[in-house]
Amino acid sequence: MYGLESLIIQFLMTFFTREEINFFLRDPQNTAIIIGCLIAISGALLGTFLLLRGMSLTSDAISHTVLLGIVVAFMIMTSVFGQEPNTSSPWLIIGAALAGVTTVVLTELIYKSGLVKQDAALGLAFPLLFAISIILVSRFVEDVHMDEDAVMIGEIGIAWANTNSHCFENCTTVTIERDDELADITRQCFNCRDLGISPRDEGAEFSEICTNCGTYSPGQAWQAGLVDEEPLLVFWPESITVTALMTLLTIGFVTLFYKELKLASFDESLAKALGMRPSVMHYALMILVSLVAVGAFDAVGSILVIAFFIIPPAAAYLLTDRLSLMLIYSAIIGSAGAFFGYGLARGEFLGIFNIDDGLAFLNRVFDLGLLERWDSSISASMVLMIFFFFLLSWILSPKYGLVSTIIRRANQRRRFNDQVVLGHIYNHQSTDREAIELTTDDLYQHFRWSQSKMKLVLGRLRASNSIHVVNNIIQLTPRGEAHVKLFRQENLATESTVN
Amino acid sequence: MSKLNGAGKTSESKKPIALSIDDLTVAYNSKPAIWDIDLEIPEGVLMAIVGPNGAGKSTLIKAVLNLIPRAAGTALFYGKDYEQARSLVGYVPQRGSVDWDFPTSVIDVVTMGLYGKLGWFRRPGKKEHALALHALDQVGMVDFAERQISQLSGGQQQRTFLARALVQDAQIYFMDEPFAAVDAVTERAIVTILHELRERGKTVLVVHHDLQTVEDYFDWVTLLNVEIVAYGPTKDIFTPINLQKTYGGRVSYLNESRPVIVGGD
Amino acid sequence: MSRLSAEDRRVWIVIAVITVLGALFIPFSQIVLGVNYTYTVRTVATGGAILGLVTGVLGCFAVLRQESLMGDALSHAALPGVGIAFLIAGRDLSVLLIGAGISSWIGVQFIRLVLNTTRIKQDTAMGITLAAWFAAGIALLAYIQGRADASQAGLNTFIFGQAAAIVESDVWLISVISLISCGVLMLFWKEFKLVTFDPEFAGANGFRIGLINVILSTLIVVAIVLGLQLAGVILMVGMLIAPGISARQWTQKLNQMVILSGVFGAFAGSLGAVLSAVDADVPTGPMIIVAAFTIALISIGFAPQRGLLWKLIRRQSDQRRFAAQTTLRDLYKYANSHGEASYPIPNSLILGIGGSTASLGLKKLLQRGDVKQKNDKWILTIQGIQVATEDAYNQQLWDVYRVYGDELGVPLIMEDRQKPIEDVLPDDAIIRLKQKLNEGLT
């Protein structure tokens, strides 16, 4: 991981100076947004396929249960290996993948018992796994990274501070050993605390310890005054590397297996018949979802990552019918949400208005005593921003949006009602029941329509010259008759079989 | 050009009209599911409703019973709206519309047929229990009264549904594919019950899928393909020409007059 | 109707066992876990029991309507309502619950709206609502944390559940709401049953299914909103459906299922509440889920009739019976072909014919006394010969029925060759069949 980071940094340094990079990344906003966008892209790409396969809630379940994988991995790392819990360890990846698979397998098992329906099986499996992980977290893992709040919402706001330092010039690592002349040796009482005595008392025993021994990285050596020349460092937030890796993996997976994924999502039996292995795709997808959930864990917690999987693809689903476009749109929407979401956490809604003002307003009108400074969770705000874009897509999408659907349906209903009347005339004209069925006055009663509705329809039909009234009986004009014939051809089977 | 309408008009017989449907139209996504249906069914008739898949047979029943919204038209039961005539009507829905793993017994399901008469808040009692047992007896399922419905075969499920409708002692019965996937014994039993109902002067309308048995079982038939192709007494209406019109050339004849649907549908 | 069937007795036994376990838990926890049943702990336990009961009872219907995951969406959607209610009125439980309920309800309406107006499927619609509402809740909670008001800590209890936060006044409120909900349930019992089982039939019979669905959904929302304090938003769905799923395995009657579910829920609720109140590190929700899930596991595994273990045992016994029957027929046929029914048959031969079925069958036949072993050969005993002869005759009669049944005017029934035909057909029909068989044999 470290080596990869160095490579990336060296690449970037061909465009930007060291100071520029440091300055840019030290801004919490920039780092948070970069991480958010990376997560959004991974989530969007995978989430698109999940949506098409009807597996949105499985991603929900997995995001909850990767926590179990993480906790177990942590526990193994600390107790078996004595390592520091480190959220970028490969153990986590294994733990997460296992957790994801376990969720799916457990659900299948419960369902296969034949005693529980599919939705209930999921509703049993993931709460159990999540419950176990919470118990483990609260009892056995004492680490600031793992308190319950962080588990849910992550700490993307401080990701900028959790960095690895990379040295590019004047890189001197300094090691001080006990016999070094720079070593600072002092005496310390090692049994004072146990006996509850002070160092001056009798029975106090001393040992010699070195207070400044150890290995100093270039930056630390400079700070301790052990070297003369300042090393040139770049501070690179760890989370960026992790999430970038995930994103690359996801993009690679989707690009490489695009055809297979596409087919398996739309027509599983055909995929099988063609020799592709849809179940392998299925599990690969699940594992990747787990990995992304783990990679995003630090930043956005295990619950909010779900939003990145589900909402941008849903918004894109309403914008296009083409898979490739859907993937691109959802990645863009997710990233836009991450970008503007940061501002929202500080109260800035798309630069249009400020929540602080809204709070002040509420205080004036309702006297609620609200704090007039909106400072909230960044990851949650990113999700809310994504949801806002979904709402926009839902309402305004030219193809599938609310507005266009309402208009389209109204048109369809109008045309259908016209056809109902025309068809009725067609069927009853020149028959013995004509006088009963086709009078203008009580036609509406036959249909159980209101009089006004019938008037409207008749008015339209008269205006379009499809009907005329003769002796109080409604008749079709040639144009009207042509309309009826066309409608019948398109919608009614019997037309083609007559004659 | 007008469409063919019902033959054998009731001007000869003095039987009252049990069901009268006028201009009934149902839309699905602005496409017609059933279109301008006119039917006059006299009392005491045992009628099959047949047509290809997607012809709207189930839709017709559901629209008549107000279970789905109508785009236009009316349906009158002995001259009354469904709201007022509800107690005159019994309904046997498709078997597949229900989760048979539900925790309940056969007699419990049959008793549910009486819930409508009990209205809000009243509980079924001894009288209802006795009526339910009687209905089970009619379908030959008395021994199964306490059996859990998850343990029933397809035919037994169908008979349970039938008993649930019989217990309502209605005048007009609607049945949606009661013969679908049942064993021979059950089929025989159901036919017997249908004929008994007719003897008692009830009117029975049955969505039926098997063209082979229409002439044996039913005295009236309606041929439906979104529109009414024809309806009336089976001997007059169930002709090769009408069948051709209904099924669009996918009907062929094996021996003499036994029609069979060929080709995928 | 008042005598208890075996099934009813079983349900009562289960209820008794759970009650005893619950009662035993009290001394157990005192001695082994060092739980001190102070007033607070007792309050918490009572609250947990009542909440568990009502969520168990109402959750049955979520399970039966296959709306388990809707319960999950509803739970997550309650969170912002809690936050807003807090901002308006502080930590007043009844206001928080109302806020939760309204927020959930809005979430449900949004899901319905999206489903009706777009091509988005139900699981996605639920996922969107779940994630967005939850994020709104988190955002509000984060904002609230900025206040000097330290009591916001109580709001976190809605995320993971914290029974320790239940006070006596809460218990009163919870009890009243639970009582009312159960009352409504009993009032509309037959309507709920019918609409859940066959909504189409209900509609045709004049029941206002829209209205009934709304009442039932409201009850489920009430259950969820109440249970949130105990289980938290994320785990609520488990607490909602696990007792119902467990209860389903023990009974086939809806009323018993509901009662049993309440008992299971009360047990898990109080157990989890006590355990977590004692050890403040552990939130309540997970404890309850583990308890409830354990009950579910035991139920699915070991319940009579439906349970997996039972089915396994019964399948094996069926297999053995079938093997015995087939093997007996083979032995009989072979022996007769050699002239007499007691002809000894070599072991290798019968295994060659029947394979593993034969070895299984022989074991069973030996056990039953239908067959005995001499050296390496099998011989039918007198009892065995009798059984085999009767069986053969029965099969012959069935054959006659199949071919000549119609002709002889025998009533039409379903063939079940495992049954003796005399048990299934009336006597005069049997006489006719036997006559026909004799004719054919002569």
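Predicted model: local features only at pLDDT ≥ 70, side-chain atom pairs only at ≥ 80, totals over all residues.

**A core residue and its surroundings**

Mentor: Leaving aside neighbours within four places in sequence, B:M47 is in contact with B:I41, B:V204, B:L205, B:V206, B:F218, B:W220, B:V221 and B:T222. Contact here requires that the C-beta atoms of two residues, placed from the backbone, lie within 7 Å. Residues are numbered from 1 along each chain as its sequence is written, and chains are lettered from A and ligands numbered from 1 in the order in which they are written.

B:M47 belongs to the largest nonpolar core, which has 324 residues; A:L124, B:M47 and C:A135 touch the most other members. A nonpolar core is a set of buried Ala, Val, Leu, Ile, Met, Phe, Trp, Tyr and Cys residues joined through C-beta atoms within 7 Å. Buried means 20 or more other C-beta atoms within 10 Å of the residue's own, exposed means 12 or fewer, and partly exposed lies in between, with C-beta atoms placed from the backbone. The most residues in this core, 26, come from α13(A). Apart from it lies another core of 17 residues, including C:A324, C:L331, C:W378 and C:V387.

Chain B, which holds B:M47, has ten helices and eleven strands. These are DSSP runs numbered from the N terminus: H or I of at least four residues for helices, E of at least two for strands. Of the 265 residues in chain B, 47% are buried. Among contacts in chain B with a separation of 6 or more, 68% are between residues 24 or more positions apart.

Back to α13 of chain A: A:S279 lies in this helix. A:S279 is exposed because it has 12 other C-beta atoms within 10 Å. From A:S279 to A:A264 is 15 residues in sequence and 8.9 Å in space, C-alpha to C-alpha.

Next, the interface: 53 residues of chain A are in contact with 51 residues of chain C. On the chain A side, the elements giving two or more residues include α6 (118-140) and α13 (278-317). The largest share, 14 residues, comes from α6(A).

As for confidence, chain A averages a pLDDT of 84, and 94% of the residues score at least 70.

Notes. pLDDT = per-residue confidence, 0-100.
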